[in-house]
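Hi,

Here is the structure I promised to pass on. Have a look first, and my notes follow below.

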Amino acid sequence: MINYKKTYSIITKSIAVLFVTAMLFACTNNTQKARDFLADKNLPVGTSTDAYHVYKDSGRITSKLITPKMLDFSNREQHPYNEFPLGIKIINFENKGRDSITITGNYALSYAKTSISEIKGNVIVINHTDKSRLETEQLFWDEKTKYFVSEKAFKLTKENDTIFGIGFESKDDLSKHLAKKTTGKLETKED
């Protein structure tokens, strides 16, 4: 004897599952079409306001990113990037959080594939451990090698020195720096 209620219930559920599955596959295709449309129009795929992002490695906080606005252009095939049109503040923690470096600027671009960031406009880098401070108008930061490069005018303030120049390279904690076209007061020790 056939139980029509049970058979009807199974058929109804099967149709519902097929319908939902078809919609999921259709949405995936539409999502890609939407991403392609936004890329063609040079529009971001996402926007964040008042973003506060914490990066962790092995359960410990390694850095924080704070920005009033972030535009996500990860839909770019060649060079996906994030744009920070209203400024950025990054705090990096070294030595299990005891040492920190703060990087601020009025505008920034961060490229995902290369891990290179460009920070522009009133760029300030502070090493809180040795109280050194770098000021410039443009800075490129290689996050993989932890290295800064700038070809713009800069001011580097250390405990006993103030160096002015055009062109600067250093580790991102402002140690082992190479200053180009320099002027200023330098204190040296003779051995």
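Which residue in the turn between β8 and β9 has a positive phi? It is Lys146, at about 55°, in a hairpin that leaves 4 residues between the two strands. (Strands are DSSP runs of E, at least two residues long, and are numbered from the N terminus.)

A word on the basis: this is a predicted model, with local features needing pLDDT of at least 70 and side-chain atom pairs counting only at pLDDT 80 or more, while totals for chains, interfaces and linings use all residues. Residues are numbered from 1 along each chain as its sequence is written, and side-chain values use heavy atoms, without hydrogens and water.

Back to the strands. β8 and β9 pair in the antiparallel sense over 7 bridges (pairing needs at least two DSSP bridges), and Leu134 has Leu156 in β9 as its bridge partner. β9 also runs antiparallel to β10, with 9 bridges, and these two form a hairpin with 4 residues between them.

Leu134 and Leu156 come up again in the largest nonpolar core, which has 20 residues; Val125 and Phe148 are also among those with the most contacts inside it. Such a core is a set of buried (under 20% relative accessible area, 1.4 Å probe, protein chains only) Ala, Val, Leu, Ile, Met, Phe, Trp, Tyr and Cys residues joined through side-chain atoms within 4.5 Å. Val125 touches Leu134, Phe148 and Leu174, among others (heavy atoms within 4.5 Å).

Lastly, Ser110 lies in strand β6, residues 107–111, and its neighbours in contact include Tyr81, Phe84 and Glu143.

Best wishes

Definitions and conventions
Buried < 20%, exposed > 50% of the residue type's maximum accessible area, 1.4 Å probe, protein only. Lists of a residue's contacts leave out its neighbours within four places in sequence.
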